[in-house]
Amino acid sequence: MSTVITHIAALVTNDPSLGDGSPLGLIQDAAVVVDGDRVAWVGESGAAPAADNRVDAGGRAVIPGFVDSHSHLVFAGDRTEEFNARMSGRSYSAGGIRTTVAATRAASDAELEANLTRYLDEALRQGTTTFETKSGYGLTVEDEARALRIAAAHTDEVTYLGAHIVSPDHADDPAAYVDLVTGPMLDACAPYARWIDVFCEKGAFDGDQARAILTAGKAKGLHPRIHANQLSYGPGVQLAVELDAASADHCTHLTDADVDALANGATVATLLPGAEFSTRARWPDARRLLDAGVTVALSTDCNPGSSFTSSVPFCIALAVRDMGMTPDEAVWSATAGGAAALRREDIGRLTPGAYADLAVLDAPSHVHLAYRPGVPLVAEVWRRGTRVA
């Protein structure tokens, strides 16, 4: 069955050959024809072909569904006390990620899956139609593998992050933990994952360890992505480009050489403003990256410790207000940019042949996502050609 959605005030296609010729490929007074799970046609509303069903958008804007290319959704518990202390200016000595590791290990499969689907439903209502999620809160062979098995039942974009931190069980022997991550744990996790990730940072894994972990993953058919340069300057971004990682995520502390490497490589810089908001850390300089020609993605980094938000619209507003992005750039980065970070061309755009994943905004323009921060503007969500929210 085909459906034509008409009287769209402004349609974001992310195809610069369409509409106004901008990167958003913006078409005014537009229509979209959906056939099955794909987009069949886009153009001006008055020229729309016939379809089996007709839906009137009522002068609202339509954008591609958000592509959230970085999240940590397989976990148990929360870290409310840690956040409250941080926001209140008090010291806090509890275990951070280790607290979540303990809660996650203690949870049943059913509890972990219920938590995952809760946050997926929350994200869907806010316009997210594709998401990536990681392991990283188990840090044993069994717990990492079950996290990925649970995630793989809900998305194809699954990332093995056994190298989140050194497991508390190996605190005195990090080298042995790297051997575990690149050996038995990788063997158990690879069948469920598409990607491999590592937190390359002081206090986590250094450049040599990160290279060994990502290289081992590539040998198993997993493609790299890296938590890079979040807390300090380091080798993460350079390593990401060297290994053709799909994305270098965070990218807060960058040298000119780091920016040049990203601009001249295929690695996407994924920025995660929810983390800076929740930790009062320095904002990434999106303007610097964009002006250098770097492909930028925006994502939530949804996790219980440093960015407990599933809202891409919130991240768009932060990126515009505090990271130097224009509203157009932020919307592109949260849709087509996220797709680029997952090396996908069938999502993040509304062009013939792409999946019919879209969000209808209760507003006449996509600019309202930044213009009206905190307002629930997503009125409808369609995924694979079906209205789901």
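**Terms and cut-offs in a predicted model**

Me: Arginine 280 is found in the loop between α10 (273–279) and α11 (286–291). What makes arginine 280 count as exposed or buried?

Reply: This is a predicted model, where local features need pLDDT of at least 70 and side-chain atom pairs count only at pLDDT 80 or more, while totals for chains, interfaces and linings use all residues. Residues are numbered from 1 along each chain as its sequence is written, and side-chain values use heavy atoms, with hydrogens and water left out. Buried means under 20% relative accessible area, exposed over 50%, partly exposed in between (1.4 Å probe, protein chains only). Arginine 280 has 59%, so it is exposed. Its phi is positive, about 55°, although the residue is not a glycine.

Me: Which loop holds asparagine 229, and why is asparagine 229 called buried?

Reply: Asparagine 229 lies between β10 (223–228) and α8 (236–242). Helices (H or I, at least four residues) and strands (E, at least two) are DSSP runs, numbered from the N terminus. The relative accessibility of asparagine 229 is 1%, so the residue counts as buried. Its phi is near 55°, again positive in a residue other than glycine.

Me: How do you know that cysteine 315 is in no disulfide?

Reply: The structure holds zero disulfides. For cysteine 315, the nearest cysteine sulfur is that of cysteine 302, 9.2 Å away. Cysteine 315 is buried, because its relative accessibility is 1%. Cysteine 189 is buried at 0%.

Me: What makes β2 and β3 a pair?

Reply: Two strands pair if DSSP finds at least two bridges between them. Six bridges join β2 (residues 27–35) to β3, so the two strands qualify. They run antiparallel. Alanine 30 stands opposite glutamate 44 in β3.

Me: Why are β3 and β16 edge strands?

Reply: The open sheet has seven strands, in the order β3-β2-β1-β4-β14-β15-β16, with mixed pairing. β3 (38–44) and β16 (386–387) each have a single partner strand, so one side of each lacks a neighbour in the sheet.

Me: How do you know that β7 and β8 pair?

Reply: Two bridges join β7 (residues 133–134) to β8, in the parallel sense. Threonine 133 has valine 158 as its bridge partner in β8, and lysine 134 stands opposite threonine 159. These strands belong to an open sheet of seven strands with parallel pairing, ordered β7-β8-β9-β10-β11-β12-β13. β7 and β13 (296–298) stand at its edges, each with a single partner strand.

Me: What makes β8 largely enclosed?

Reply: Six of the six residues of β8 (residues 158–163) are buried, so the rest of the structure largely encloses this strand.

Me: Why are α3 and α4 called oblique?

Reply: The axes of α3 (residues 109–125) and α4 (residues 141–152) come within 10 Å and cross at roughly 45°. Axes are lines fitted to C-alpha atoms, for helices over the stretch in contact, with angles from 0 to 180 degrees between N-to-C directions. Under 35 degrees counts as roughly parallel, over 145 as roughly antiparallel, 65 to 115 as roughly perpendicular, and the rest as oblique. The pair is therefore oblique.

Me: Which residues make the contact between α3 and α4?

Reply: Asp109, Leu112, Glu113 and Leu116 of α3 meet Arg146, Arg149, Ile150 and Ala151 of α4. Contact means heavy atoms within 4.5 Å.

Definitions and conventions:
A disulfide is a pair of cysteine sulfur atoms within 2.5 Å.
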